[in-house]
Amino acid sequence: MPEVLETSQDSAAAALEVRQLEVVFATDASPLKAADKVSFAVPAGRTLGLVGESGCGKSVTALAILGLVPPPGLITGGQILFNGDDLPSLPERRMEDIRGARISMIFQEPMTALNPVFSIGSQVAEALRIHRRTSRPEAWKAAVEMLARVGIADAAARAGDYPHQLSGGMRQRAMIAMALICRPEVLIADEPTTALDVTTQAQILDLMMAMQRDLGLAILFISHDLGVISEIADEVAVMYAGAIVEQAPAGELFERPLHPYTRGLIETLPGAGPRLPRLAAIAGQVPDLGALPRGCRFSDRCPLADDECGASEPTLAAAGERRRVACWKAAP
Amino acid sequence: MSDTPILEVRDLCKRFPVRGKGPFAGKSWLAAVNAVSFRLDKGETLALVGESGCGKTTLARAAAMLQPPTSGSVRFEGSEITGLGNRSLKPLRRRVQMIFQDPYGSLNPRLPVGAIIAEPLLVHGLGDKAERRQKAVRLAEQVGLKAGDMSRYPHQFSGGQRQRIAIARAIALQPCLVIADEPVSALDVSIQSQILNLLRDLRDSRRLTYLFISHDLAVVRHFADRVAVMYLGRIVETAAAETLFDAPRHPYTRALIAAQPVIGRGKRTAAGCLSGDPPSPLDPPSGCPFHPRCPLAAALCRESRPELEGDSGHQVACHFKNEGGT
Amino acid sequence: MTGFLFQRLIQSAVVLAVMSFVIYWLMGLMPGDPIDLMISADPKITSEDAARLRALYGLDKPITERYLNWLGAAVGGDFGFSRLYAKPVPEALLPALANTVRLLGITLCLSLLIGLPAGMAAAIRPYSKTDYTINLLAFAGISLPAFWLALLLIIVFSVFLGVLPAGGVAALGGDGFWDQAKYLVLPVANLTIASVGGHTRYMRAAMIEALRQDYIRTARAKGAGPARVVLGHALRNALIPVVTIVSLDFGFLFSGALITETVFAYPGMGKLIFDAIMGNDYNLALVALLFVTLLILIGNLLADLAYAWLDPRISYR
Ligand SMILES: Nc1ncnc2c1ncn2[C@@H]1O[C@H](COP(=O)(O)OP(=O)(O)O)[C@@H](O)[C@H]1O
Ligand SMILES: Nc1ncnc2c1ncn2[C@@H]1O[C@H](COP(=O)(O)OP(=O)(O)O)[C@@H](O)[C@H]1O
Ligand code: SF4
Ligand code: SF4
Ligand SMILES: [Mg+2]
Ligand SMILES: [Mg+2]
């Protein structure tokens, strides 16, 4: 299998590697596969962008890494390799030591993701208190320093503020401070700028890149926004209905998308070129994970689909040196 | 194109009373929209852009008299509509319709789609039951729904389909002006373009005029004829879409355009992004409201507020509008 | 925060003033007045005498004027004289007030001490066996009629087992702790059983809601263990709605206390007010009702304090 070969090539430098991950939600109707044989690696100091439309399984994949998939979801297969361990097989106590200390996560809505009844200073300090057993005053001091580092002006005073007293951008900065205070190796960012204005988004992206440089972070950056992904990712994986359908270095992916879905996504966006009367569109709608079409999961919307596509599902296969694509018709 | 604009707004202000902290603190006023003027010609699409909270929604609602403005004048097809009572506004209500960001919130979950689309006809007493039903089916087909969808309920549809339902309802009364408040922001990327194409087709086939609100500059650049950039309740720059995007003159417009992520430009280089957050409209800065964040701010900017000036094609509110390239 | 409390204090004072007038006015509506009582007690009093007496006591004046006179005296510390107890009103009232406060205080503490942890335990694993058991018990407590339960308790513990007194308070001279306490056991048990189910259910619902929030996922992503997640992050948020409901519930607890007092012949405010109204002891009934209002207001004020302490957003409202 070319795929396994390729991922193991990367794994030397990979801070985090996901192999053939499967997450299933046992719902009343049929079980939903929210992640279907998902594989990728994130090297230290680099950013992997995971892009796809809502409901395609991005958040579930991210939560699976930390062992936080909400019930009735279950990891039913695959490996998540971090630091020589397979995370899903670790006992919960060991996962607790990893979460927030070695792999951290930030979320989309910093208002609801922060606890409304505690000051941001104490929420940032808490990570240190949990993992380093730092004394209260020491942890507070470190939290203030961290808040200053993520660009909160007058951090000593702001640390006492509660989340509702801050703007959206400031809250996301506080989230980042909280995620990074223990100097993790991996940061998972699940749509961290989706709820923000473009100007604030730019600030947060710059901050994340600066922190990556300082700490050598491996970042898994999740977004539905191709523009954001294009500006922050070194490598991009495109997800559709639970599976990765294409993966490539960012420049190549946007210049020469191979999968019809990737191509469709890029073409539907109003671009910087001359204004056209109509935008290209992908026909139909995102399928329900419980009712995927037979064969290729994109076949009901794909302009290139033919009988072969409906008969059997293409696997993610190597297409050129550092690219993978899951399509029968994609010429590398 | 006739000379009377569909909508002409002059010096429109909308202030909200806000309670201060503590039991005896007095009321203060939040100026959500401040002395805004614009005109909208028939068949034209004017986009309002700016950071959230800058007053886009409030301006649109006040201009449509959905929320009476505090002061200023709004002329609809040449006649003044501020100060009119609800009854005199009824014809206006027919001719101006709104589409919102969250289609689910605006669709009655207990009504089947057919009834939702026919509801405005019923409210305005148009046609008998059979005619209304027929018309609803025709409208549904126009927005890309199937006749079989008419008896289903809103929760059985995806976000994109719901937005189609909302659009069908909005055009049921044959409005001439449609106010679309972030109509595609909540939709999936692959659905956004479908809806934008639909809105454009309707504009062409029905000669609709749009007041189009969006925070996505790429969408605005594609969709709008003219753009008004708002900051802290005021328009700071307005021009034809091409002009505005190719040769922006207000530092804020430039910052917004620079902050917009672009596909295939490669990894961002951390340079020159706007710092800070918009100030509170309760406590606006002196002089030019943008000066605390403006890279070009000078002493003059802190003292006096620049007026929106220029020829009718391109107006800018900045003391240094003729300096600094893109 | 201080502004918020100050505001609440003023509100409470206004409520108390309004209530005092309403109660005064309602008492005036009741059939008969003190002079009618005198007449029925002494057939020799003529109607002229009665009119003279009414003028003497100011009973012929309009109600607002009489109210203002009473208010003036009350503010000056003169609450009048209880005919029934033949004592100044405060002297008649205070022992009963102390008894009721003791009954309510112990009950509330006990009910919260049992109900909140039980609700929490149920919420941690919703629909588990623990949850079902706790729910079942809570519903049983909620659905038992208080007076029926009281009778049951009396029959079992006083009549059959004979270990606890059926009613009253410690006899004169019986001042040992247990002598005092044993009279409280059954009323407290009765009232606690009546209220603990509600407290358990509120806590369960609030806790389940809190555990569903995004910040819980954040806490877990930070590496917080289950204890820290529940006690550190969810509990404080869950207590905010619980405090609100418990304080709203305080009035009901109070009426429950009045019923319990009657069944157990417990000399508290419930019994006092009942006796005062039946005996046409206006002065006493009026002041007693006002104290009940005051007690409920104090309860709500304490809840506000707890609320403001729990929820940092409150001071900015
Ligand atoms: N709590 C849940 N219960 C049932 N199904 C879920 C749950 N969370 C997620 N799913 C399923 O997993 C799919 C992927 O969800 P998610 O990862 O949140 O998507 P996204 O790519 O938008 O982050 C959804 O389409 C949904 O079907
Ligand atoms: N009903 C209201 N009462 C008080 N303030 C309001 C109200 N509606 C809007 N605002 C305030 O007016 C400003 C502009 O709001 P809005 O028009 O919704 O902005 P936008 O649509 O650009 O995001 C904001 O600061 C907002 O808080
Ligand atoms: S395999 Fe067939 S249906 Fe699937 S993406 Fe390729 S061409 Fe389209
Ligand atoms: S007037 Fe001054 S502060 Fe305002 S935008 Fe122009 S340069 Fe900037
Ligand atoms: Mg998600
Ligand atoms: Mg808005």
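A salt bridge is a side-chain nitrogen of Lys or Arg within 4 Å of a carboxyl oxygen of Asp or Glu. I began my notes with that term.

**Ground rules.** I am reading a predicted model, where local features need pLDDT of at least 70, side-chain atom pairs count only at pLDDT 80 or more, and totals for chains, interfaces and linings use all residues.

**Entry 1: salt bridges.** I looked up R10(B) and found a salt bridge with E8(B), with the closest N and O atoms 3.1 Å apart. R10(B) is partly exposed, at 47% relative accessibility. My cut-offs: buried is under 20% relative accessible area, exposed is over 50%, and partly exposed lies in between (1.4 Å probe, protein chains only). Side chains of opposite charge can pair when their charged atoms come close. I then searched the whole structure and got 40 salt bridges over all chains. I also noted a network of salt bridges that links E22(A), K33(A), D36(A), K37(A), R297(A) and E313(A).

**Entry 2: between the chains.** Which residue forms a salt bridge with R265(B)? I found E231(A), with the closest N and O atoms 2.6 Å apart. This pair crosses between chains: R265(B) sits in the loop between α9 (251–259) and α10 (299–303) of chain B, and E231(A) in helix α10 (residues 226–232) of chain A. Helices (H or I, at least four residues) and strands (E, at least two) are DSSP runs, numbered from the N terminus. E231(A) also meets R268(B) in a salt bridge, at 2.9 Å from N to O. That pair crosses between chains too, with R268(B) in the loop between α9 and α10 of chain B. E231(A) is buried at 1% relative accessibility. R268(B) is buried at 10%, whereas R265(B) is partly exposed at 48%.

**Entry 3: a lysine without a partner.** I turned to K14(B), in strand β1 (residues 7–19) of chain B. K14(B) is buried but has no salt bridge. How far away is the nearest side chain of opposite charge? I read 14 Å, to E80(B). Lys and Arg count as positive here, Asp and Glu as negative; His and the chain ends are not counted. Beyond four places in sequence, K14(B) has contacts (heavy atoms within 4.5 Å) that include L30(B), V33(B), T58(B) and Q67(B).

**Entry 4: ligand 1.** I counted 13 residues around ligand 1, where near means a heavy atom within 4 Å. G55(A), G57(A), K58(A), S59(A) and V60(A) come nearest. I looked for polar contacts, meaning pairs of N or O atoms within 3.5 Å. A polar backbone atom of G55(A) is 2.7 Å from an oxygen atom of ligand 1. For G57(A), I read 3.1 Å from a polar backbone atom to a ligand 1 oxygen. A backbone N or O atom of C56(A) lies 3.3 Å from an oxygen of ligand 1.

**Entry 5: ligand 4.** I found 13 residues here as well, with C288(B), C294(B), C301(B), C318(B) and H319(B) coming nearest.

Conventions. Residues numbered from 1 in each chain as written. Chains lettered and ligands numbered in written order. Heavy atoms only, no water. Polar contact = N/O pair within 3.5 Å; in protein donor to acceptor, adjacent residues only side chain to side chain.
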